[in-house]
Amino acid sequence: MSLEMIQPQPFQKVLVTGAAGFIGSTLVDCLLAQGKEVVGLDNFDPYYDPQQKRDNLEAALQHENFQMYEADILDVPLLERVFAQHSFDVVVHLAAKAGVRPSIENPAAYFQVNVEGTLNVLNQLRVNPKTRLVMASSSSVYGNNLSAPFVETTETSQPVSPYAASKKAGEVLAYSYAKLYGIPMSLLRFFTVYGPRQRPEMAIAMFFKLIQKGEQVPMFGDGSTARDYTYVGDIVDGILRSMKRTEGFEIYNLGNSSPVSLLEMIQAVGVSVGKSAKIQELPEQAGDVTLTCANIQKAERQLGFHPNTSLEQGLSLYSQWLSRAGQTFKTLEQRS
Ligand SMILES: NC(=O)c1ccc[n+]([C@@H]2O[C@H](COP(=O)([O-])OP(=O)(O)OC[C@H]3O[C@@H](n4cnc5c(N)ncnc54)[C@H](O)[C@@H]3O)[C@@H](O)[C@H]2O)c1
């Protein structure tokens, strides 16, 4: 163990915002399995089918240690009630409007939820400064930075989409609250997360669907753009580690340190599905970055974070989940 590893602090009661989402619901299930008391909060935003989010929480809702608020982080009186009713050791703030491209269409909505909503959560912690905060940020804050792998100290003032700008604004706001009120916090920059329960509009989910149906896969650019895809189980492991080891104000990259090009990813999905992909080359899209690649040495040293799911394993686990969830997806498609 490294000398720099932050000493673990026990926790029992947790609030997870964005609890019904892809990463949030996976975290909730892990926390319940560890015997923690979990309060979830989510407004079931219709950015993608809310039924998928309800399915995500099906098991958790049967658990005696889980309580769910179907509520908006923009609803300040509601947040005040939640914090008055519970005493949290840790708040994991994941609720956000996610997705780069829709943020270009509707930047105001992204700033409202990702910045004003974050401010509302921070204002609750201001009066509960012993509660630790673990908050989702994003690799998108690195913008079109070519000096990969990205280190947490890299300049991040040039995001290339309103989504990225809103995540950066959330980080900066959180820093000011950490300094003013002494709230211990870890901000986690996730790098393209994939796996079971993945958001249906994310690239890998789309590739699986199109290749399974034998349809063309749109490839924006020449396929050389690359992403540091990280399996959701590894990301949740990193969140759990930081919940135990949050001290002062820290920013951590949670990534895989192993970028995969778009073309390689489409081909890997083809292998996983057992069909070759028919690729349709299209021009690059605004807001997309060329490369993401995490330097994770800080999270390795201070949190003991070691992602260990290979792309092959991760895609296989996603594919198995898709087959299990197949019935649900058929129903969703019939409805849409
Ligand atoms: N998935 C990724 O690759 C990725 C990468 C970087 C950062 N992140 C961040 O991780 C977090 C979780 O992302 P995800 O992929 O699980 O997305 P997700 O959309 O599945 O989860 C976000 C959840 O927040 C909820 N939400 C949205 N607005 C809300 C509001 N006003 N009040 C309450 N709840 C609200 C949504 O209903 C959703 O269930 C987000 O903060 C996102 O920005 C994700």
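The buried residues of α9 are covered by elements that include α7 (203–213), β8 (216–220), β12 (260–261), β13 (278–282) and α11 (311–324). Contact here requires C-beta atoms, placed from the backbone, within 7 Å; helices (H or I, at least four residues) and strands (E, at least two) are DSSP runs, numbered from the N terminus. The model is predicted: local features need pLDDT of at least 70, side-chain atom pairs count only at pLDDT 80 or more, and totals for chains, interfaces and linings use all residues. Residues are numbered from 1 along each chain as its sequence is written.

In α9 the buried residues are L262, M265, I266, V269, S272 and V273. They lie on the same side of α9, because they cover an arc of only 120° around the axis, the arc being that of the directions from the helix axis to the C-beta atoms. A residue is buried if 20 or more other C-beta atoms lie within 10 Å of its own, exposed if 12 or fewer, and partly exposed in between. After α9 comes G274, with a positive phi near 85°.

In α11, G314, L315 and Y318 are buried. Seen down the axis of α11, these residues fall within an arc of 95°, so they line one face of the helix. They pack against β7 (193–194), α7, β10 (230–231) and α9. The face of α11 turned away from this buried side carries the exposed residues E312, Q320, S323 and R324.

Around the ligand there are 27 residues, of which G18, G21, F22, A96 and A136 come nearest; a residue counts as near if its C-beta atom, placed from the backbone, lies within 6 Å. α1 supplies the largest share of this shell, three residues.

How values were computed:
Contact = placed C-beta atoms within 7 Å.
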